[in-house]
Amino acid sequence: MVNKDEVRHVTIEARLDALEARTAALEASTGKAWRWLAPVELHHPLPNARLSPGTLVSDEAVPPAGPPPPPAAPAPAAPRLELEDLLGGRLLAWVGGAAVVLGLCFLLAIAVSRGWLGEVERTLLAGSASLAMLALGTWLHGHRGRTDAARAAASAGIAGLFATAVVASSVYDLVPALVALVGSLAVGITATALALRWEAKGIAALGILGALLAPAVVGALGSGEAVALLMVASAAAAAVLVWQRWPWLAFGSFVIATPQWFAYLVIAVPSAPVTIAVLAGFGALTAAAAVGFELRSSAGTMPVGSMLLLALNALLIGTVGALALETAVADGWLVCLAAIHLLAGVAARRSQRVADEIAFAALTLGVVLADVAAARLLDGLPLVGAWAGSSLLFAGLVRLAAPGRDRMLVTAGLGSHLLLALSHALAAAPPETLSGGPQDLAGLAALALVAAGTAVSGRLAADGHQHLRATLDGIALAVVGYQTAIALDGVGLTVALAGEAVALVLVARRSGDEVASGAAAAFAGAALLHALAVLAPPAALVVGLAAPLEAAVALVAAAAGIAAAGLVQPAWRSWALAAAAVIELYAASVELVTPFQPGLDTRGLLLTDLDVRQQGQALLSTLWAVVGVATLVVGLVRDNAAVRRGALALLALTVGKVFLYDLASLTSLYRAGSFVALGLLLLGGAYAWQRIRPQPVPDLRTVPGAVR
């Protein structure tokens, strides 16, 4: 009898086998993995749908059920290098390589000194030993592991091959220069390839830097072939640096190679084309070493060291070219160098792959070099104009620069250019000319160019840099004030300063510029100080004025300038009007005293010896008292407390003058007249105060109810 349960199980297993076969065929045709899922809830795209047990789904359609996978374990820390490993492995290897090189040098020296080896034999021996060291290091690195001993041996071999090429061509003249160049190029390519393939700093240090030192070691500094070999080694160093980004290699190459090609220019004194070729070649290699890695990797920033190296390189080749070449050629060299940097900066600014810092560094160096060229080609007013124009370029760069080092760099360039232009303009119009007038118009024109360049620079850099614009506007206005003081003197200077204050008031009221409002007050104050210092000094209250008409015009102009400056800010208005009123009173006072002067020959006499001068002092006291009482009445009528306080202050000053100065300096008759006039006016003022001044309103709470 057949068991039904067994039949059912066999049927189910057969169906499962068939289903697995179909699933395998489906996976093979679609390339998707399928699996069996337990009942799960689907939240997307059908929130209420369920999958029944045994539903066949794709791994791409349904996310895996169960808890999220555990976080990845952190990467194991790099093994710590013990001191004995450092001393026993790396240090021994590199010291051994250096010892081999020195031993070969000592052996050659002994052989040469004792006559064992001739020039050909010693050169072949050095080349063979160096080639053997290079081959040994390469074999060890490829078959016995990447050990420091293998790298040190290869580096020693590379340095020896470079030295052999230099000695064979430049010292012993055994091979033509072309052959030595080809051999050195092959060695440089080999060193570059090994350094890049092994990522070995030792290859770069002992191999490339050793090659750079070869001309100096063998005493071939004045040889053109040695300079050519030096350029090949520098190119290899630049290539390794661009690929691996080893900043120390860039500075090492610059420090080692620069004195050698400079010595060649000094010793050999080559022709102008050769000098330009040397400068251009080494300058291009150093620039490539400074920015090559950033260009290759499209880095967003430029290291400070690379920026410093780029600046040193540009300034060095520019300076050496200016000194080594003739005047006309040197000027052309500086102009071309500046143009190359400017064009490179513009191209870098337009490129999407070049960091903005590289573009701004190139543009900055281009403008600086253009300044140096302008200083050699121009003088006087054209030079000031060129430097002022350069400041406009920097102002445009400030507008484009991002916050950070770029903005600091171009802002410093802007400030330095304006300082150069201003210093040259001040040399043409020194402060000594303030008292004697300008020597010529060139100084005034130079100051005008500086002021215009500074003001325009402030507006070009104004976008998001309001503090910089305010600073530049302040400098420009200060230069304008200095220019006015240089150009004019006497009453003309006071009137001009006051007129500039009024013009600045109009600008401030129209644009709301705080710098213009502050400068208006400063110009007005300068006009007043000049009038009081030169045309109407305080001593004129006693001895009168030398030029009454000019003093009156100057004081009126200063008062108008101060009153206009008070219109800019509401808080300044009352104070400015009060100051203008005091200046007008001062003008009236000195003009009143002036007619009562006996002459210049009596200025040293005492006041008591001069009846005419005593009359002027008595009238001056009367004038102050009259103005004080009149001002008091105006303040009472208009119920203006500020006017009343000013009047009382003037009356207090008048009382002090009468009781302290007039009483001690005037004779009895004038003293009595001064006191009588003051007393009558004070009584009139007191009467006006009591009659016009309203009585305070009493507190009704203290008044009896019947009266209320």
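A residue is termed buried when its relative accessible area is under 20%, exposed when over 50%, and partly exposed in between (1.4 Å probe, protein chains only). The structure is a predicted model, in which local features need pLDDT of at least 70 and side-chain atom pairs count only at pLDDT 80 or more, whereas totals for chains, interfaces and linings use all residues. Residues are numbered from 1 along each chain as its sequence is written, and side-chain values use heavy atoms, with hydrogens and water left out.

The protein chain contains 25 helices and 2 strands; these are DSSP runs numbered from the N terminus, with helices being H or I of at least four residues and strands being E of at least two. Of the 708 residues in the protein chain, 39% are buried. Contacts, defined by heavy atoms within 4.5 Å, were considered between residues at least 6 apart in sequence, and 66% of these contacts in the protein chain join residues at least 24 apart.

Two helix pairs were examined, with axes taken as lines fitted to C-alpha atoms over the stretch in contact and angles running from 0 to 180 degrees between N-to-C directions. Angles under 35 degrees count as roughly parallel, over 145 as roughly antiparallel, 65 to 115 as roughly perpendicular and the rest as oblique. The axes of helix 19 (residues 514-535) and helix 21 (residues 548-565) cross at roughly 160 degrees and come within 8 Å of each other. Helix 19 and helix 21 are therefore roughly antiparallel. Their crossing is left-handed, a term used if the near helix is turned anticlockwise from the far one by less than a right angle, right-handed being the clockwise case. Helix 19 contributes Ala520, Ala521, Ala524, Ala527, Leu528, Ala531, Leu532 and Leu535 to the contact, and helix 21 contributes Glu550, Ala551, Ala554, Leu555, Ala558, Gly561, Ile562 and Ala565. By class, this contact of helix 19 with helix 21 comprises 14 nonpolar, 1 polar and 1 charged residues, where Ala, Val, Leu, Ile, Met, Phe, Trp, Tyr, Cys and Pro count as nonpolar, Asp, Glu, Lys and Arg as charged, and the others, Gly among them, as polar.

Helix 12 (residues 356-377) packs against helix 13 (residues 381-400) at an angle of about 175 degrees, the axes being 10 Å apart. Helix 12 is therefore roughly antiparallel to helix 13. On the helix 12 side the contact involves Phe360, Leu363, Thr364, Val367, Asp371, Ala374 and Ala375, which meet Leu383, Ala386, Trp387, Ser390, Leu393, Phe394, Leu397 and Leu400 of helix 13. The contact of helix 12 with helix 13 has 12 nonpolar, 2 polar and 1 charged residues.

With a salt bridge defined as a side-chain nitrogen of Lys or Arg within 4 Å of a carboxyl oxygen of Asp or Glu, the count comes to 4 salt bridges. One of them joins the side chains of Asp331 and Arg376, with an N to O distance of 2.7 Å. Asp331 lies in helix 11 (residues 327-350) and Arg376 in helix 12, so the pair ties together parts that are 45 residues apart in sequence. Asp331 is buried, at 12% relative accessible area, while Arg376 is partly exposed at 35%.

A salt bridge is also formed between Asp473 and Arg459, whose closest N and O atoms are 2.7 Å apart. This pair links distant parts of the chain, with Asp473 in helix 17 (residues 466-487) and Arg459 in helix 16 (residues 441-460), 14 residues apart. Asp473 is buried at 5% relative accessibility, and Arg459 is partly exposed at 40%. Arg459, Arg469 and Asp473 are linked in a network of salt bridges.

Asp639 forms a salt bridge with Arg644, the closest N and O atoms lying 3.2 Å apart. Arg644 is buried, with a relative accessible area of 8%. Asp639 is located in the loop between helix 23 and helix 24 (641-665), and the phi of Asp639 is near 55 degrees, a positive value in a residue other than glycine. Most residues other than glycine have a negative phi. A positive phi, near 50 degrees, is likewise found for Val269, which is in the loop between helix 8 (247-268) and helix 9 (272-297). Val269 is exposed, at 59% relative accessibility.

Leu620 is part of helix 23 (residues 611-637) and is buried, at 1% relative accessibility. Apart from neighbours within four places in sequence, Leu620 is in contact with Leu541, Ser589, Leu592, Val593 and Lys657. The C-alpha atoms of Leu620 and Val593 are separated by 6.9 Å, the two residues being 27 apart along the chain.
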